Amino acid sequence: MLLTNEQIERYERDGFLVLPNLFSAAEVAILRAELPALFAADTPANFREKHSGIVRTAMGLHLRNDVYRRLVRHPRLLDPAMQLAGDELYVQQVKVNVKAAFGGETWQWHYDFATHHAEDGAPLPLALNLHVFLDDVSEFNGPLYFIPGSHRDETVGARLDTVTTSYPLWVVDDATVARLTEGGGIVSAKGPAGTGLIFGDRLVHGSPPNMSPWQRRIFSLLVNPLSNAGTSHRRPDHQHHRDLTPLVPLADDCLAGIHRAAE
Ligand code: SIN
Ligand code: MN
C-alpha cells in the first residue's frame with residue numbers, strides 16, 4: 001500500500017498523516033487478544049503508571065509474541081515507511097501505549113528525536129513512528145495531540161523530565177508549545193480502532209490523561225534507517241533495539257494467516 005503524492009505532501013506539510021481503516025476489525029481483534037498475557041508479564045519492558053501501577057507501555061513486543069513479530073513486518077506499515085524513509089529500515093522500538101480508563105496518565109509535550117538523540121545517539125531525525133489504534137480513540141480517552149508544522153522548526157529544544165511520569169522523556173517547555181501553536185493550533189488524532197498514523201521524529205506531540213471509562217491502547221512501531229542507527233547503548237534494548245537487520249515486508253494477510261492457523 002503506497003501513499004499518494006497528495007498524502008506525501010500532507011505528511012511533509014503537517015508532520016503527520018492519518019490512515020483511516022488501515023486494519024480491519026478482525027485484524028484488530030487478533031492484535032488485542034495477545035495483550036492480556038503480554039501486560040501480565042513481569043518484565044522491565046512493561047512500564048507501569050506512576051500512580052495506579054497499571055501498565056503504561058509494553059515494549060519489545062515483537063520479540064515476545066509471534067503476532068507482533070508479524071505486525072512489525074506488515075506491508076501496510078512498512079510500504080509507506082519505506083516510501084518516506086528509504087528501504088533499509090530496522091526496528092527501533094515496538095510497544096503498545098495503554099491509557100487505562102479512569103487513570104491513564106499524560107504523555108508530556110515532546111518530540112521523539114530529542115530522546116532518540118540524547119539517549120541513544122541517533123544522528124538525525126529520520127525515524128518514523130507508525131501507529132495502529134487498538135481501541136476507538138475519541139476526544140475523551142486521551143488521543144494524541146499534534147502541533148501541525150512543528151517539525152519544521154529546528155530551533156525547538158528539550159529537557160529531560162524524570163518526574164512527571166514513570167517514563168523518562170525529553171520534553172518541550174510550555175512557552176515553546178504556546179509559540180508553536182500560534183500558526184496552526186493543535187490537532188487531535190481520533191478515529192475507530194484500526195486507524196493508522198504516521199509521524200516524524202521532530203513533530204511536537206503529547207496526550208492528556210484519560211478520565212473516561214474507555215481505555216485507549218495504541219500500537220507504536222518506530223523504524224529508523226540503518227544509516228541513522230543509534231550510537232549509544234545507554235538505554236536497554238527494548239527502548240532502542242540493537243538488531244540492525246533490515247525489515248522485509250510479509251504478505252498483506254500475514255495476520256489473518258495466524259487466525260486461520262489458530263482455528
Ligand atoms: C501516547 O501514547 O499517547 C504518546 C505516544 C507517543 O509519544 O508516541
Ligand atoms: Mn512520542
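User: What makes a set of residues a nonpolar core, and which members of the largest one touch the most others?

Analyst: A nonpolar core is a set of buried Ala, Val, Leu, Ile, Met, Phe, Trp, Tyr and Cys residues joined through side-chain atoms within 4.5 Å. The largest one has 40 residues, of which Tyr68, Leu77, Val96, Phe219, Leu221 and Val223 touch the most other members. Strand 4 (residues 89–99) supplies the largest share of this core, five residues; strands (E, at least two residues) and helices (H or I, at least four) are DSSP runs, numbered from the N terminus. The model is predicted: local features need pLDDT of at least 70 and side-chain atom pairs pLDDT 80 or more, while totals for chains, interfaces and linings use all residues. Residues are numbered from 1 along each chain as its sequence is written, chains are lettered from A and ligands numbered from 1 in the order written, and side-chain values use heavy atoms, without hydrogens and water.

User: Why is His62 called buried?

Analyst: Buried means under 20% relative accessible area, exposed over 50%, partly exposed in between (1.4 Å probe, protein chains only). His62 has 9%, and is therefore buried. His62 lies in the loop between strand 3 (55–59) and helix 4 (66–71). Its contacts (heavy atoms within 4.5 Å) include Tyr68, Val91 and His241.

Key
Lists of a residue's contacts leave out its neighbours within four places in sequence.
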